[in-house]
Amino acid sequence: MSEKEKGIHPYIPNSAPEIKAKMMKEIGIKDIEELYDDIPGHLRFHEKLNLPDALSSEYALKRHVEKILFKNISCKDYLNFLGGGCWQHYVPAICDEINQRSEFLTAYAGEPYEDHGRFQALFEYESVMAELLDMDVVNVPTYDWCQAVSTSIRMAGRITGRKEALVSDTVSPERLMAIRNYCHPVMAVELVKHDPRNGVMDLDDLRSKMSSKTAGIYFENPSFLGFIEHQGELISEISHSHGALCLVGVDPISLGVIRPPSQYGADIVCGDIQGLGVHMYFGGGLGGFIATRDEEKYVMEYPSRLFGITKTAVDGEYGFGDVAYERTSFAEREEGKEFVGTHAALWGITAAVYLSLLGPYGIQKLDRVILQKSQYAMKNLSEIKGVRAPYFDSPHFKEFVVDFNGTGKTVEEINEALLSKNIFGGISLKAEFPELGESALYCVTEIHTKEDLDHLVRSIHESVNTEDISSVVKKG
Amino acid sequence: MVEDNTTAHRNTDKVRNFHQAKWDEPIIFELHTKGERGIEVPDAEKEIEDQIGDGVSALPANLRRIKAPALPEISQMRVLKHFLRLSQHCLGADLNVDIGQGTCTMKYSPKINEVFVRMPEVADLHPWQDKETVQGALEIIYKVDTFLREISGLAQFTFQPGGGSAAILAMASIIYAYHESRGEARERDEIITTIFSHPSDAAAAAVKGFKMITLYPDEDGLPDVEALKKALSERTAGLLITNPEDTGIFNPKIDLFTKLVHEVGGLCGYDQANANGILGITRAREADFDMCFFNLHKTFSSPHGCGGPAVGALGVKGKLKNYLPVPIVESNGKNYSVNFELPNTIGKVRAYFGVFPAVLRAYAWIMSLGSDGLKEAARVAVLNNNYVLKKIKGLRGASAPYAEGHHRIEQVRYSWKRLMEETGVTTEDVICRMADFSFHLWTSHHPFVVPEPFTVEPTESYSKDELDEYISGLERVVEEAYENPDKVKKAPYNSVVHKIDTSTLDDPKKWAITWRAYLKKHKT
């Protein structure tokens, strides 16, 4: 390429010299540099940015980027049992078909006229989530569950006028770190202990920590550690009797067969939509939701966009718009509720597609299959000498703690052995839950076949025992 | 040299004879047909069924859902058709000349980058996989970090914040943690920002308990230095500011701002949402900022996705590296590793490493342009902006308040004040009429310091023809406003829907945020 040809870039139409000259003439300048007259010399960066040479052809760029990405081994290449808030579920083809449409992918903040479809799709997202959650208000997605729970707690603080939150000590360590940062120094966060046998909340500890300062109590169900909390009603009664709110985090995909928190007294429900038709994307597929009853005192405390349905000048035509916009930081800056900006809308639209595809039959069947497969995995893992699954004596949904303490092996040793057999073993819990010792969090979903699960069981058996495997799993 | 044997393919003085798709599409629940099914879920194998049973029986009755969720039942192609039709009711930046969404840097998001994002080596990665199996992902994160260090002059970046507002929250959190570690958090409870900085600069900082002090512009449209001096004290925790501000005016005294804030012991955070015109031109470092953030979904080409997913890439000076959210990605020159051990870390503002696809797109975009291309993108964005400025200033009823005779950087906040006074047509009316010609136009953040505001940011992605076409749209609306204002006020006509009745949206008895709420309130 000649020097003259070099300056023209396919992404920059007006880099063409003739056009540039025409536009400069129109503005009355001889050099684009003149447009930067207001930036004093001492603030100018006079060097050339030290960046790699441009890969100006699309082909060269493709070869280069692919070469780096091919260093990754994906969960399509290996069998994956990692979960813990980012889950591998099957993504129906139509979910990707819709979220890669230029119209949705590249839209942003248009008006409810030219972007009517964005408003309707996100209203429908709110609406299908509302059915799943059995609550009447759901927000346009926030960043992720970390943000959703953090905001739920701050909402509880504003609604009750109180400054303390009680949080179950079995919540995701990731989320706990986000909660602590988001609340500090405005609200205090205190942990509530769990029963070491079955994982559920220690209600005596909860009662002893409730006070007139408690804004809300937050727990997750199914919990981060996979077990299901069966005391939901009692926990909400205890919080309500102290004038506090009951906040529950939930994996929405479980709600086809598991009772939604609103039915056992939850006031604010939150969680993540990544499992609903969005790939994991190395953690980039997350999107947070918050749901409440349709009461003014709740609605007015949301920081998020809330898209509502209304009429237009033409009879029978649906229009959409922002509900109670004045509560947002867009309208009121620091006087608004927390803040709103660019969050995870595209994943909301995707989740709407996913739940519309599944329908009531699909979501119930999906949950049944997840329960069956995860129970099968737990049962067979427990057949291995020294291995116990689940660790906690409670019903579980798709995740469960596998206890390796009786094997004499560390989680790292087991995971390394599994990796050599093309398996991503569970998340080590040692750093955040040291009391569990050599234990790991495993995730089993509808994507795992019997063969996959048997392969896992055999591989773990081989990594912890040397005796014959045939007694454990009959070859399928 | 190729001969120019083409003629102008269309008369750019005229606006399009446009009509947006209008499917009169029902709400998804209205498509419900009992018994239809959109997708079949994989079964559990017979051996599993035999061993385990139905799986559900293991749950005690009080944990089970009694009534199935009332989701719609719709066959697959109808679901597809419905959402495709909704997509056609939406004008993405790929379709329109999206320069009217000022402050948002609506630029081309290259399609090749979507190919990368959808590879299984990206889409099907779990964040906690063994690090040896995600070296490619960590390499991309590390390299974009090093690119942004160069572009900003700062020392270390994180991609965890899920957008600009989350990056502001992270900056405010670092400011708090920094003063807390020095035993001064209680005394230092004020953060200073400006009215032409994004609302989140004020709002996200207030989440951390800070009292906000907002500076207003002086006669030249720049934040008032005298007001800053008055605001500074031993209570000052920090400054959160954009430059250029949303007016597109570069503040030449920005280093005086940071100097004065540093003198009283505060930290300075640079909101670089408006960085598109200054890449390679001026940096956070030269202005002595302690922190800055870039929106990868704006300046660095990641598509906006109807409002996310996104990344507010947050960078800090070396002295603040230990305060960053964890983990950060490091390299020994050969391999890439993950560091969770930052002694003063604020913890987390989002899960994992942030939105990796946005980081990957930024990588590909920077690699496709290189140093010269990046600067060219900035220069052309500024050229386009000043070209549009010249044209809009020539429109009857329009003005560009402040900084008369000066050039602007990447955008301008204009005013229809005169148009409104002379015709009664407001910015909102102009916006509705512009939709009839395929164009989006936006007002401004609140409060409206500039009366009847509109904000245009042409970026480098639009050709001169397209800019001219957009201006023609504005010209047409102005003409109509003076000839027949009523026509503009009743718009739109060719958009998906007609004038929306917003009166129900602020009324708790009538608002309906979900279909079930709508049925309860309006259909019983």
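Me: Which residue in strand 5 of chain A does A:Val167 stand opposite?

Reply: This is a predicted model, in which local features need pLDDT of at least 70, side-chain atom pairs count only at pLDDT 80 or more, and totals for chains, interfaces and linings use all residues. Residues are numbered from 1 along each chain as its sequence is written, while chains are lettered from A and ligands numbered from 1 in the order in which they are written. Strands here are DSSP runs (E, at least two residues) and helices likewise (H or I, at least four), numbered from the N terminus, and two strands pair if DSSP finds at least two bridges between them. Strand 3 pairs with strand 5 (residues 214-220) of chain A in the parallel sense over four bridges, and there A:Val167 stands opposite A:Tyr218.

Me: Which residue of strand 4 of chain A stands opposite A:Leu166?

Reply: Strand 3 of chain A also pairs in the parallel sense with strand 4 (residues 188-192), over five bridges. In that pairing, the residue opposite A:Leu166 is A:Glu190.

Me: How many residues of strand 3 of chain A are buried?

Reply: A residue counts as buried if 20 or more other C-beta atoms, placed from the backbone, lie within 10 Å of its own, as exposed if 12 or fewer do, and as partly exposed in between. On one side A:Glu164, A:Leu166 and A:Ser168 are buried, and on the other A:Ala165 and A:Val167. For strand 3 (residues 164-168) of chain A, the count is five of five.
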